[in-house]
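Open the model in your viewer and keep the selection tool ready. This tour goes stop by stop, with something to select at each one.

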Amino acid sequence: MFSFLGGFWWGLAVASPGAPQWVYGVAVVPSLLAFVSAIPWMIGMTWPGPSLGLLGIALIAALWVDVRLNRLGIMPDWMLSLRILLSVGLGAITLALAVL
């Protein structure tokens, strides 16, 4: 899900002529963070708490990019409203699972 968000930002930038170049770099970050969060599972650690915590915080922090894209006119207001609901909701659920 988090990797999809990076593709979403990339698509918004490609569809908007004159989008700043930083969007393309930031669009790669969600996939990299998702990969890094999976490393403990790849090496045999069974406790998912820290991985889920990282993803939960990153999902909520991703709103900063969404707000910036909205202010640049790349993301419409209705889409920002939806992104706020989805990021806060999914981020909170992921953090709750990390605590459990």
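**Stop one: α3 and α4**

α3 crosses α4 in a left-handed manner; a crossing is left-handed if the near helix is turned anticlockwise from the far one by less than a right angle, and right-handed if clockwise. This is a predicted model, in which local features need pLDDT of at least 70, side-chain atom pairs count only at pLDDT 80 or more, and totals for chains, interfaces and linings use all residues. Residues are numbered from 1 along each chain as its sequence is written, and side-chain values use heavy atoms, with hydrogens and water left out.

Helices here (H or I, at least four residues) are DSSP runs, numbered from the N terminus, as are strands (E, at least two). Select Leu33, Ala34, Ser37, Pro40 and Trp41 on α3, then Ser51, Leu54, Leu55 and Ala58 on α4; these residues make the contact. Contact means heavy atoms within 4.5 Å. By class, the α3 and α4 contact holds 7 nonpolar, 2 polar and no charged residues. Ala, Val, Leu, Ile, Met, Phe, Trp, Tyr, Cys and Pro count as nonpolar, Asp, Glu, Lys and Arg as charged, and the others, Gly among them, as polar.

Now look along the two helices. The packing angle of α3 and α4 is about 165°, and their axes are 9 Å apart. That makes α3 roughly antiparallel to α4. Axes are lines fitted to C-alpha atoms, for helices over the stretch in contact, and angles run from 0 to 180 degrees between N-to-C directions. Angles under 35 degrees count as roughly parallel, over 145 as roughly antiparallel, 65 to 115 as roughly perpendicular and the rest as oblique.

**Stop two: α4 on its own**

Select residues 49-61. This is helix α4, with 13 residues. From first C-alpha to last, α4 reaches 18 Å, close to the 18 Å expected at 1.5 Å a residue. The expected span is 1.5 Å times one less than the number of residues.

Which residues of α4 are buried? Colour Gly49, Ser51, Gly53, Leu55, Gly56, Ala58 and Leu59. Buried means under 20% relative accessible area, exposed over 50%, and partly exposed in between (1.4 Å probe, protein chains only). The buried residues of α4 pack against α1 (2-15), α3 (29-42), α5 and α6.

**Stop three: α1 and α3**

Move to α1 and α3. They pack at an angle of about 170°, with axes 7 Å apart. α1 and α3 are therefore roughly antiparallel to each other. Their crossing is left-handed. Select Phe2, Ser3, Gly6 and Trp9 of α1, with Pro30, Ser31, Leu33 and Ala34 of α3, to see the contact. The α1 and α3 contact has 5 nonpolar, 3 polar and no charged residues.

Zoom in on Gly6, in helix α1. Gly6 counts as buried, at 1% relative accessibility. Leaving aside neighbours within four places in sequence, Gly6 is in contact with Ala27 and Pro30.

**Stop four: α5 and α6**

Select residues 63-71 for α5 and 77-99 for α6. The two helices pack at about 175°, axes 10 Å apart. That makes α5 roughly antiparallel to α6. Leu63, Asp66, Val67 and Asn70 in α5 meet Asp77, Leu80, Arg83, Ile84, Ser87 and Val88 in α6. By class, this contact has 5 nonpolar, 2 polar and 3 charged residues.

Finish on Arg83, in helix α6. Is Arg83 buried or exposed? At 11% relative accessibility, Arg83 counts as buried. Not counting residues up to four places away in sequence, Arg83 touches Leu5, Phe8, Leu63, Asp66 and Met75.
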